[in-house]
Amino acid sequence: NRKRTDFLFPSWHKIQITRYWLLGFTEAEGMFNVKQDKQSYKGNLAFRYTLSQSDLDLALLEAIRDFFINIPEAKLSGLTSLDNIVHINVRKKRQDHYKNEATLSVTQWRFIKCVLIPLFDSMSWFSQKQHDYFLWKSIMLLKEKGHHYSEDGFKLIQLIINQMNKYRLSSSDSSFLDREWLDQKIQDKLREKSVYENKNGRIWISTENRYLNEGGVSK
């Protein structure tokens, strides 16, 4: 732990990442986040997958980045410049930390949809982190159908966010919802017709009577 001084591996050592090793590491150290602008623009939903360690483990995060950009899902996604999609940042230590923090993060929508979700869906989870992942993915599916542009869909997304990550812990001040009830609400909403319509070759938002990207944030 903190009393170690020698963090060097032998020259022949090679970090090997496997799919299930990565899943286990994600269940322990990963975070699935959704940032929602509750005040102004309903369409502003930002998705983020992160893994954080001290900067002593920077080589490990680099090996995970290499794993992500070389798995079959990434090759089939059609995405280019994958090195620029999986980011690694190092920031100076906070007052209550003894080492700098290194964070691997993915925010690119298509990489999340075409690479991360097929990867994590292909494996069996073993911890409560699966619930965070399920809710995170559910919000993405709701957004794909435009339900964040409807009043009840927007409120449902707020409910989901308030049941994720630290909010599901017993130490949280957030009120707990019955998990089966919430899952059923999500499935019912996903079965509803998409808010998006094709009109004159453009995407029409039926709940707001406007075309996508008119009167909102450009994408």
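Axes here are lines fitted to C-alpha atoms, for helices over the stretch in contact, and angles run from 0 to 180 degrees between N-to-C directions. Helices (H or I, at least four residues) and strands (E, at least two) are DSSP runs, numbered from the N terminus.

I noted that this is a predicted model, in which local features need pLDDT of at least 70 and side-chain atom pairs count only at pLDDT 80 or more, while totals for chains, interfaces and linings use all residues. Residues are numbered from 1 along each chain as its sequence is written, and side-chain values use heavy atoms, with hydrogens and water left out.

I looked up the elements and found 7 helices and 7 strands in the chain, running α-β-β-α-α-β-β-α-α-α-α-β-β-β from the N terminus on.

I then took the pair H4 (residues 109-121) and H5 (residues 129-144), whose axes come within 12 Å and cross at roughly 140 degrees. H4 and H5 are therefore oblique to each other, since angles under 35 degrees count as roughly parallel, over 145 as roughly antiparallel, 65 to 115 as roughly perpendicular and the rest as oblique. Where they are in contact (heavy atoms within 4.5 Å), Trp109, Ile112, Lys113, Ile117, Phe120 and Asp121 of H4 meet Tyr133, Trp136, Lys137, Met140, Lys143 and Glu144 of H5.
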